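Please open the model in a viewer and keep the selection panel at hand.

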Amino acid sequence: MMKKYIVILAATFIAISGCKRDFDAVNPNAPTIASFWKTSQDATKGINAVYSTFYRTASLYSRWMFYHGILKSDEGFGSGGDGGLNNLMRFNQTNYNDGLTAQTWSTLYVGIFRANQVIANVPEISMDETTKRRIIAEAKFLRALFYFNLTLYYGRPPLMLSPSQPKDVPENATTEQAYAQVAKDLNEAIADLPVSYPAADLGRATKGAAYALLGKTYLQQRMYQQAADAFAYLVTGAGSSTYSLTADYRDNFIITRENNSESVFEIQFSENQSESTDDDVDETRINNTGTSISQFFAPPGVGFSDGAARRWLIDEFLQEKTVAGAQDPRLAVSFIFNNADPAGPTATMVYGQTFASRYGNGPDANGVWFRKLLNDHWKNQEGFRSPNNYRLIRYADVLLMYAECLNGLNRTAEAYPYVDRVRQRAGLATLTATKPGLSQTQFLTQLKHERLTELAGEGWRWADLARWGDLSPALASRDADFTGFIVGKHELYPIPQSDIDLNSNLTQNPKY
């Protein structure tokens with residue numbers, strides 16, 4: 001798989017922090033860049049460096065993107081001893097220059113800088129034209145993904161579409177402009193991305209991944225027709241034969257079933273026992289190509305338990321049983337808690353021990369922890385270099401989003417079959433049978449439940465709540481953190497003040 005072969009470029013080539021730098025400094029990258037881009041091997045190393053951004057430090061998919069998408073939503077909360085994280089999850093942020101939000105912003109721009117290098121320089125390399133176009137398309141997909149996240153969480157990111165120069169002082173884009181650029185990159189990438197890859201290159205962007213992210217981009221803006229057209233490639237169009245739901249829901253979260261038929265885009269991780277750094281530009285040390293989220297999400301006695309789930313989620317899964325009269329199997333796959341096994345704490349296993357033996361009647365007896373990103377299926381402890389891939393976009397997600405689009409277009413009856421497919425895989429009766437004839441509003445309410453039970457703890461909850469207009473202090477009834485939520489402010493993170501100080505064309509987000 002590609003995760004075994006990622007090659008990192010020299011630090012002098014890729015060391016940059018997007019907008020966050022001294023704009024008057026001499027660009028140290030210029031001479032190296034001028035001499036680097038010569039061969040097809042250089043092009044491959046360049047695009048691999050863009051993928052490497054995924055696990056460059058803790059600030060993206062090694063750890064913090066899950067804090068932004070999961071813990072900040074009503075699904076979870078900061079449950080450990082990290083005071084900065086806990087305050088951020090309570091919408092009580094006072095430092096706009098450091099920490100989770102500033103470093104995530106900065107690292108996303110590292111990825112954009114790397115993608116811009118590929119897009120600008122690979123066209124001039126003499127190499128196989130099909131491979132060249134594919135590599136450029138991969139870079140555009142990745143740049144789109146980085147800008148999607150910047151737009152979702154910060155709202156008004158400056159658009160930097162060519163390699164940075166020392167005097168660059170870009171202005172904020174509007175949210176509409178930023179999403180439009182994401183869509184433009186994806187539409188351009190689609191033409192040159194393959195449907196699939198051989199085993200050695202699994203994990204690279206595909207045509208289906210680009211269509212799925214394009215659909216997400218349009219759906220986040222409630223542009224239902226454009227989103228439906230994009231998702232249709234995977235659901236009813238040419239790509240529909242490429243993807244299918246796995247028979248076992250659990251297969252989407254274990255290391256032995258990575259890159260399966262349900263995986264639309266998957267971030268590749270590998271365990272390197274000799275790693276000594278999370279900084280992928282430090283060539284004097286061995287880079288960590290694993291993810292550390294499992295160490296921070298695992299329950300006490302195994303991990304740090306810095307993030308945990310709200311218990312109200314369990315009730316969503318218990319609303320109905322399977323057609324065989326059993327508990328929804330997705331509940332035990334999604335969470336560790338006392339009754340994950342319906343037989344109770346003495347039957348529920350937590351990393352080789354029963355829940356009762358680990359937690360008894362102590363302070364963690366009613367705790368709930370997100371399970372999908374963990375490794376309890378193959379070992380009895382966690383660590384900082386998990387090889388468990390992150391399934392960023394699953395086919396089940398696409399089916400539910402396609403149904404949401406059809407409902408948004410007032411084609412609710414046509415949306416039922418796609419929800420039915422997801423429910424049937426979980427062993428539930430079809431929605432067609434249990435709740436026929438729902439109105440457009442009723443169907444959306446039901447779909448909110450369906451997305452929660454299918455996708456809990458996968459990082460999309462914040463985007464869902466934002467899209468539905470559900471972010472408000474009213475969520476405090478199930479997540480006390482939302483008591484501090486201010487409408488018109490906390491839908492977005494602040495732009496790092498240090499970047500604003502360096503660039504007079506940047507302005508801060510409202511109310512910060």
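**First stop: Arg-423 and its partners**

Begin by selecting Arg-423 and Glu-450, whose side chains form a salt bridge with 2.8 Å between N and O. Arg-423 belongs to helix α16 and Glu-450 to helix α18, so this pair ties together parts of the chain that are 27 residues apart in sequence. Both Arg-423 and Glu-450 are buried. Please bear in mind throughout that this is a predicted model.

**Second stop: the domains**

Next, colour the chain by domain: domain 1 covers 39–193, domain 2 covers 292–370 and domain 3 covers 400–470. Show domain 2 and domain 3 together; their centres, taken over C-alpha atoms, lie 25 Å apart. How many residues of domain 2 are in contact with domain 3? The contact involves 14 residues of domain 2 and 13 residues of domain 3.

The area buried between domain 2 and domain 3 is about 1200 Å², and carbon and sulfur atoms give 58% of this area. On the domain 2 side, select Glu-316, Glu-320 and Arg-330: these residues lose the most area to domain 3, and together they account for 46% of what that side buries.

Polar links can be displayed here as well. There are 2 salt bridges across the interface of domain 2 and domain 3, and 5 residue pairs are in polar contact between the two domains. On the side of domain 2 that touches domain 3, α12 (312–317) and α13 (329–334) each supply at least two residues. The largest share, 4 residues, comes from α12. By type, the residues of this side divide into 7 nonpolar, 2 polar and 5 charged.

After α16 comes Gly-427, which has a positive phi near 85 degrees.

Across the model the count is 33 salt bridges. For one of them, select Arg-250 and Asp-376, where N and O are 3.6 Å apart. Arg-250 sits in the loop between α10 and β2, and Asp-376 in the loop between β7 (369–370) and β8, so the pair ties together parts that are 126 residues apart in sequence. Arg-250 is buried, at a relative accessible area of 12%, and Asp-376 is buried at 15%.

Then select Asp-479 and Arg-310, whose side chains meet in a salt bridge at 2.8 Å, N to O. Asp-479 is in the loop between α19 and α20, while Arg-310 is in the loop between β3 (307–309) and α12; the two are 169 residues apart. Is Asp-479 buried or exposed? Asp-479 is buried, with a relative accessible area of 0%, and Arg-310 is buried as well, at 15%.

Finally for this stop, select Glu-262, Asp-328, Arg-330, Lys-372, Arg-394, Arg-425, Glu-454 and Glu-458, which are linked in a network of salt bridges.

Select Phe-482, in the loop between α19 (461–468) and α20. Phe-482 is buried, with 0% relative accessibility. Among the residues that Phe-482 touches are Lys-72, Ser-73, Phe-91, Trp-462, Leu-471 and Pro-473. Phe-482 and Lys-72 are 410 residues apart in sequence, yet their C-alpha atoms are 9.2 Å apart in space.

**Last stop: two backbone details**

Select Thr-57, in the loop between α3 (40–52) and α4 (64–71). Thr-57 is not a glycine, but its phi is positive, about 60 degrees. Thr-57 counts as partly exposed, at 24% relative accessibility.

End at Lys-511, in the segment after α20 (497–502). Lys-511 likewise has a positive phi, about 75 degrees, although it is not a glycine. Lys-511 is exposed, with a relative accessible area of 54%.

Terms used. Residues are numbered from 1 along each chain as its sequence is written. This is a predicted model: local features need pLDDT of at least 70, side-chain atom pairs count only at pLDDT 80 or more; totals for chains, interfaces and linings use all residues. Side-chain values use heavy atoms; hydrogens and water are left out. Domain bounds come from an automatic or database domain assignment. Contact means heavy atoms within 4.5 Å. Buried area is the accessible area (1.4 Å probe) that two parts lose on being put together, summed over both. A salt bridge is a side-chain nitrogen of Lys or Arg within 4 Å of a carboxyl oxygen of Asp or Glu. A polar contact is a pair of N or O atoms within 3.5 Å; within protein, one must be able to donate a hydrogen and the other to accept it, and residues adjacent in sequence count only if both atoms are side-chain atoms. Ala, Val, Leu, Ile, Met, Phe, Trp, Tyr, Cys and Pro count as nonpolar, Asp, Glu, Lys and Arg as charged, and the others, Gly among them, as polar. Buried means under 20% relative accessible area, exposed over 50%, partly exposed in between (1.4 Å probe, protein chains only). Lists of a residue's contacts leave out its neighbours within four places in sequence.
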